[in-house]
Amino acid sequence: MAIILNFATAVNFTPVKNRKNMKFFGRQEQIAELGEMKTRSYENHSMLTVVTGRRRIGKTTLISKAMGDACYVYFFVGKKNETVLCAEFAAEMRRKLGIFVPEGIRMFKDIFSILMQEGMRRKYTVVIDEFQNFGDVNPSIFSDIQNNWDQFRLKTHINLIVSGSIYSLMTKLFKDKKEPLYGRDDKTIKLHPFGPSVLKEIMAEYAPDYTNDDLLALYAYTGGVPKYIELLVDSDALSKEKMINYICQADSPFIEEGRKLLIQEFGRKYGTYFSILEAIAEGHNTQADIASYLGEKSIGGQLTKLEETYNLIEKMRPIWAGAKTQTVRFEISDIFLRFWFRYIEKNEMMIEIGQFPLLKEVMNSDFATYTGDSLERYFRAKMIESMEYCAIGRWWDSKGYNDAKGNHQQCEIDIVAVSADNKCVELIEVKRNPEKYNAVLMKEKVAFFARKEKRLNRYHKVIRCLSMEDM
């Protein structure tokens, strides 16, 4: 019943002919949470739910699905003049609520005041999409909402849902003590990309003859982000080859998507952040290596912001290492961005001159190498989904060790997973081809790990290999 902005039109995604209208997958837990908040709002008093998640993650679709056929008021906050927005919102209120809203309202505080007063007479839901954009329209709107909300919240029965794509701003609005809406949220739902189980559902539905290479390509190129998957489904591009063909064309929405996503977060002063992410995507994963890649530039502050404010990188430590350990690696937490920097940003000049056949050749020839790390991430995600473990990480020692023949060996264990009962630890090497797994070398690594980390000996140890066959 709500007016949902046409996604392709709004953001200049290339329209696709013969759309299949991909089914709704997953998100059952989030739908239940939204349903619970609606019930509590209607039975007790008004409540505020915040839905966050990166661009294209499916926030609007989730809310629409959770509301079902129920009529609700839907506001999309475009970066427009406040008077223009108020006219749009007033029309929506007249249409959905059937109430009198005076012409010529110029300020959102008056719109919100009418909404709250109407909540004293009826129970209903209000959805405000891209909520953080009010900061560009008129920053005082957040204080106006706070004043009205505090005044009417306990007297009304409004299920207020606000959503936003800019994670840093949405977090700041509700978690920063200096902000007027600090602590006003009753529930925060953060949407994450689809995990392996949902990706397999999608492939089974739309490409039942898929190979594990196809499944890995879908994971590595989309990162499980629903909108990117939908684009591939709509284009019948769910084999590895078809995915690469779809990406490597002049009008592919994948080409500009990474830049749009990051500029949305960083604004126009994104240069150093881009360079850091590019360095990490290239395999420079320690602070010293990244600084060297950038010409010994001081980057401590930017790394902290990328991790804590923008939520785009993760600081990885060996499992059981303390917070003060100097053995730290950085990795891009968003799998799509890792792909985008590796192939799109890195080959910007190639793309500018239309060398898409060469880009396609690069992606095809590099697939086995590039997806090695993606396969590790896939298995970690699959194990997390299983709910069978109380800790999952990896372990490495930067110095390595000398084997029985005196040869120096690097020591890294791809996955270390502690069972839910805390009695068993699985030590796993991930190989695309299981024939390349060296059981003797793996046992040596585990023995070295046990010498360095005594707590490993508390557990029953299971040493094994995971490969493409185990996806």
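A salt bridge is a side-chain nitrogen of Lys or Arg within 4 Å of a carboxyl oxygen of Asp or Glu. Keep that cut-off in mind for the first stop. The model on your screen is predicted.

**Stop 1: a pair in helix α13**

Select Glu256 and Arg259. They form a salt bridge, with the closest N and O atoms 3.9 Å apart. Why are these two separated by about one helical turn? They are three residues apart in helix α13.

Now show the surface. Is Arg259 buried or exposed? Arg259 counts as buried, at 17% relative accessibility. Glu256 is partly exposed, with a relative accessible area of 40%.

**Stop 2: from α13 to α18**

Arg259 lies in helix α13 and Glu348 in helix α18 (residues 348-352), so the pair ties together parts that are 89 residues apart in sequence. Glu348 counts as partly exposed, at 34% relative accessibility.

**Stop 3: a salt-bridge network**

Next, select Arg377 and Glu331. Their closest N and O atoms are 3.7 Å apart, and they form a salt bridge. Arg377 sits in helix α20 (residues 367-386) and Glu331 in strand β7 (residues 329-332), so 46 residues separate these distant parts of the chain. Arg377 counts as buried at 9% relative accessibility. Glu331 counts as buried too, at 11%.

Salt bridges with shared partners join Glu331, Arg338, Asp373, Arg377 and Arg394 into one network. The structure holds 35 salt bridges.

**Stop 4: helix α17**

Select residues 335-345, which make up helix α17. How many of its residues are buried? Eleven of the eleven are, so the helix is largely enclosed by the rest of the structure. Among them are Trp340, Tyr343 and Arg338.

Look at the start of α17. There, a side-chain oxygen of Asp334 reaches to within 3.0 Å of the backbone nitrogen of Phe336.

**Stop 5: the sheet**

Switch to a cartoon view. In what order do the five strands of the open sheet run? The order is β2-β3-β4-β1-β5, and the pairing is parallel. The edge strands are β2 (73-76) and β5 (187-190), and each pairs on one side only. On average, neighbouring strands are turned by 15° against each other, direction ignored.

Zoom in on β1 (residues 47-52) and β4 (residues 157-164). Six bridges join these parallel strands. Select Thr52: its bridge partner in β4 is Gly164.

**Stop 6: helix α8**

Select residues 167-175, helix α8. Its buried residues are Tyr167, Ser168, Met170, Leu173 and Phe174. What covers them? The cover includes β1, α7 (141-152), β4, β5, α13 (254-266) and α16 (300-309).

**Last stop: confidence**

Colour the chain by pLDDT. The protein chain averages 92, and 96% of the residues score at least 70. Then select residues 1-19. Over this stretch pLDDT stays under 50. The model has 39 contacts beyond four places in sequence for these residues.

Note on methods
Residues numbered from 1 in each chain as written. Predicted model: local features only at pLDDT ≥ 70, side-chain atom pairs only at ≥ 80, totals over all residues. Heavy atoms only, no water. Pairing = 2+ DSSP bridges. Helix = DSSP H or I, 4+ residues; strand = E, 2+ residues; numbered from the N terminus. Axes fitted to C-alpha atoms, helices over the stretch in contact; angles between N-to-C directions. Buried < 20%, exposed > 50% of the residue type's maximum accessible area, 1.4 Å probe, protein only. Contact = heavy atoms within 4.5 Å. Polar contact = N/O pair within 3.5 Å; in protein donor to acceptor, adjacent residues only side chain to side chain. pLDDT = per-residue confidence, 0-100.
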